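Hi,

Here is the structure you asked about. Please open it alongside this note, and read on for what turned up.

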Amino acid sequence: MWYYEKKLQYPIHIKRCDLKMAKVLAAQLGGPDGELAASLRYMNQRYTMPTGKIKGLLTDIATEELAHVEMISTMMYQLMEGATPKQLQEAGLAGYFTQHGRAVFPADANGVPFTTAYFQSMDDPVTNLHEDMAAEQKARTTYEHLMMQTDDPDLLEPLRFLRQREVIHFQRFGEALDEVNFHNGMKKVH
Amino acid sequence: MNYGYRQWEGNSQGNRQARGNGGCQCAMPVDRAKLLWDIQRTDFLINDLQLYLDMHPDCGAALEDFNSLSQLSMELKEQYYQAFGPIINNGYQSSEFPWQWTEEPWPWQKNFMTGR
């Protein structure tokens, strides 16, 4: 069960038009290491986690990732709002405009539609948590690639915020992995 | 402590000062952008502590911060509700007539923070 809060996790107000950034930001919405994949990964994995702590952690991080989906979607929406078809063409968004107009659609930076094939859900918590830690690092690197392509503080500030959240989530998942290993009594070598 | 809330500008002490004229009933117009920023900052701290406490349930200092920030968040959301209507759906806050929830702007709109 969820409630909606009528606010973003971090404020976004983009004043400068930059359609090329709208195109590449899609990586973090519908891409392989994006926020939607992250949320669905943890949301599905949580059921078979072994301890209350880790069930709670995956629930809470999956929920926060949905707020990140909303932030990336907001950036794309604000960047594309009011753009002309010609401007969208020039930014490499002709295909996107043809199929979606200026709507937000979960695809990656190359227009490949989102797929659940981007993540796994297994009944082995060690397997899941290793995937989760890798996912957070891949998302961090993706944010760094995005930050290298803009000098607009209206984009950089929320991107810096989101990048830092990946670092924190990685830290928490690492602690969860320690917890699982402790729970297993260190009987197994992975 | 190892939770990362210092990534936010300011710290929990500054956040407590952000309460402003909390209990004062004077008819100052509410600065929507500042109030929303205070709510976002407070809720960020709470969210970060939430994850930290999931894995560190016996950390008393984090728990104390979590509880006082939760109280502050409720107060700030009550201020927002009095000035601008519900910020949380599904009956967390009641509505005046007519139904207030669908009033614009929504959070993804460029004028969300100012409301203008």
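In which hand does α3(A) pass α7(A)? The crossing is left-handed. Keep in mind that this is a predicted model.

**α3 and α7 of chain A**

Helix α3 covers residues 35-45 of chain A, and helix α7 covers residues 125-147 of chain A. Their axes come within 11 Å. They cross at roughly 165°. An angle over 145 degrees counts as roughly antiparallel, so α3(A) is roughly antiparallel to α7(A).

Who makes the contact? From α3(A), the residues are Ala38(A), Arg41(A), Tyr42(A) and Gln45(A). From α7(A), they are Asn128(A), Asp132(A), Ala135(A) and Ala139(A). By class, this contact has 4 nonpolar, 2 polar and 2 charged residues.

**α7 and α8 of chain A**

α7(A) also packs with helix α8, residues 153-183 of chain A. Here the axes are 9 Å apart. The angle is about 165°, which means that α7(A) is roughly antiparallel to α8(A). This crossing is left-handed. The contact residues divide into 17 nonpolar, 3 polar and 7 charged.

**Chain A with chain B**

How many residues does each chain give to the contact between them? Chain B supplies 22 residues and chain A supplies 25 residues. On the side of chain B that touches chain A, 12 residues are nonpolar, 7 are polar and 3 are charged.

That is the handover. Send me any questions once you have looked through it.

Best wishes

Notes:
Residues numbered from 1 in each chain as written. Chains lettered and ligands numbered in written order. Predicted model: local features only at pLDDT ≥ 70, side-chain atom pairs only at ≥ 80, totals over all residues. Axes fitted to C-alpha atoms, helices over the stretch in contact; angles between N-to-C directions. Helix = DSSP H or I, 4+ residues; strand = E, 2+ residues; numbered from the N terminus. Parallel < 35°, antiparallel > 145°, perpendicular 65-115°, else oblique. Left-handed = near helix turned anticlockwise from the far one by under 90°. Contact = placed C-beta atoms within 7 Å. Nonpolar A, V, L, I, M, F, W, Y, C, P; charged D, E, K, R; others polar.
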